[in-house]
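Please look over the sequence and the 3D structure below.

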Amino acid sequence: MIKGKKSLTLITGATSGIGLELARRLINTDDLVVIGRKEAHEVYAMLSDNIQYIQTDIANPVQAVDVVIAGLEKLDIQAIDRVIHCAGVGVYTSPDQETSEQIGHNVSVNLLFPVLLTKALASHVETAKGKVVLIGSVAHKGSPNMASYAASKAGLAGFARSLEAEWRDRIDVQVIHPGPTLTPMLEKAGYKVGKEGRFFLSPEAMAEEIIKVMATNKKSATIFIGAKIKSLFRRKQSA
Ligand SMILES: NC(=O)c1ccc[n+]([C@@H]2O[C@H](COP(=O)([O-])OP(=O)(O)OC[C@H]3O[C@@H](n4cnc5c(N)ncnc54)[C@H](OP(=O)(O)O)[C@@H]3O)[C@@H](O)[C@H]2O)c1
């Protein structure tokens with residue numbers, strides 16, 4: 001571990017959007033191991049040379065998990081305080097139009113890889129008495145034009161609930177569901193932001209909120225501007 005750093009965090013999806021903003025904040029306190037598909041020099045330029053980087057495409061989940069485990073062995077890392085699964089993809093289209101390839105890709109990146117990697121890293125996290133953080137989505141409850149995305153995020157929520165029961169005394173598991181956030185994902189998914197974009201959080205603000213939630217013992221949390229307005233309203237009513 002780098003001198004002065006308190007803990008070691010492994011993070012996926014730290015090369016864009018919310019994950020990048022999370023990594024930019026965590027780098028001040030944590031040793032970071034970043035998992036991504038970009039070239040190493042691009043990632044060091046975005047974050048710092050002072051991180052560890054393991055390059056792999058998680059759309060091939062089984063091979064990617066092997067690459068991560070081999071990379072950690074090479075780095076001589078046996079204990080991980082926090083694993084943050086933030087990588088994600090989506091396609092904004094009707095379920096009738098979504099191709100089998102797109103569905104398989106969504107489910108591989110958003111669900112299969114986090115499930116396989118969490119299992120593979122259980123002993124690392126247990127050794128550190130650490131925590132697994134799964135970044136879900138408010139869409140896990142079902143959302144128009146996001147059928148396989150919603151299914152993959154609902155899968156993460158179910159996975160987290162199961163682990164919470166199975167690993168209760170061994171490993172903390174937290175699932176955090178962000179609401180709409182102005183990141184490159186929207187355009188990549190084919191979603192055109194209209195006036196409703198005024199109510200979307202910036203990736204910086206979302207990362208700040210996620211860091212606050214990660215510091216709590218909550219097993220599940222939703223970060224959504226609508227939820228905030230509701231809770232303010234409730235507080236006002238009960239005052
Ligand atoms: N934006 C929203 O409105 C919103 C709302 C709710 C939940 N979320 C969730 O928040 C998380 C972050 O999303 P974001 O909006 O920040 O998206 P983003 O800006 O598109 O970032 C997605 C990240 O996932 C990585 N990734 C995607 N496919 C990969 C692959 N095959 N192999 C390795 N890495 C891969 C990307 O790597 P590259 O840089 O190489 O592409 C990038 O680092 C996701 O889990 C998403 O589902 C987002």
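**Around the ligand**

Helix α7 gives four residues to the shell around the ligand, the largest share. Helices (H or I, at least four residues) and strands (E, at least two) are DSSP runs, numbered from the N terminus. This is a predicted model, in which local features need pLDDT of at least 70 and side-chain atom pairs count only at pLDDT 80 or more, while totals for chains, interfaces and linings use all residues. Residues are numbered from 1 along each chain as its sequence is written.

At least two residues of the shell come from each of α1 (17–26) and α7 (184–189). There are 28 residues around the ligand, and Ser16, Gly17, Gly88, Thr183 and Met185 come nearest; a residue is near a molecule if its C-beta atom, placed from the backbone, lies within 6 Å of it. By type, the shell has 14 nonpolar, 10 polar and four charged residues. Here Ala, Val, Leu, Ile, Met, Phe, Trp, Tyr, Cys and Pro count as nonpolar, Asp, Glu, Lys and Arg as charged, and the others, Gly among them, as polar.

Next comes the interior. A residue is buried if 20 or more other C-beta atoms lie within 10 Å of its own, exposed if 12 or fewer, and partly exposed in between, with C-beta atoms placed from the backbone. A nonpolar core is a set of buried Ala, Val, Leu, Ile, Met, Phe, Trp, Tyr and Cys residues joined through C-beta atoms within 7 Å. The largest such core has 50 residues, of which Ile11, Leu22, Ala23, Val34, Val83 and Cys86 touch the most other members. A second, separate core has five residues, including Val91, Ala139, Met146 and Tyr149.

Helix α3 (residues 61–74) has 14 residues. Which residues of α3 are buried? They are Pro61, Ala64, Val65 and Val68. These residues lie on the same side of α3, because they cover an arc of only 100° around the axis (the arc of the directions from the helix axis to the C-beta atoms). The face turned away from the buried side of α3 carries the exposed residues Val62, Gln63, Ala70, Glu73 and Lys74. Just after α3, aspartate 76 has a positive phi of about 60°.

Leucine 8 is in strand β1 (residues 7–12). Leucine 8 counts as buried because 22 other C-beta atoms lie within 10 Å. From C-alpha to C-alpha, leucine 8 and alanine 79 are 8.0 Å apart in space, although 71 residues apart in sequence.

Notes: The expected span of a helix is 1.5 Å times one less than its number of residues.
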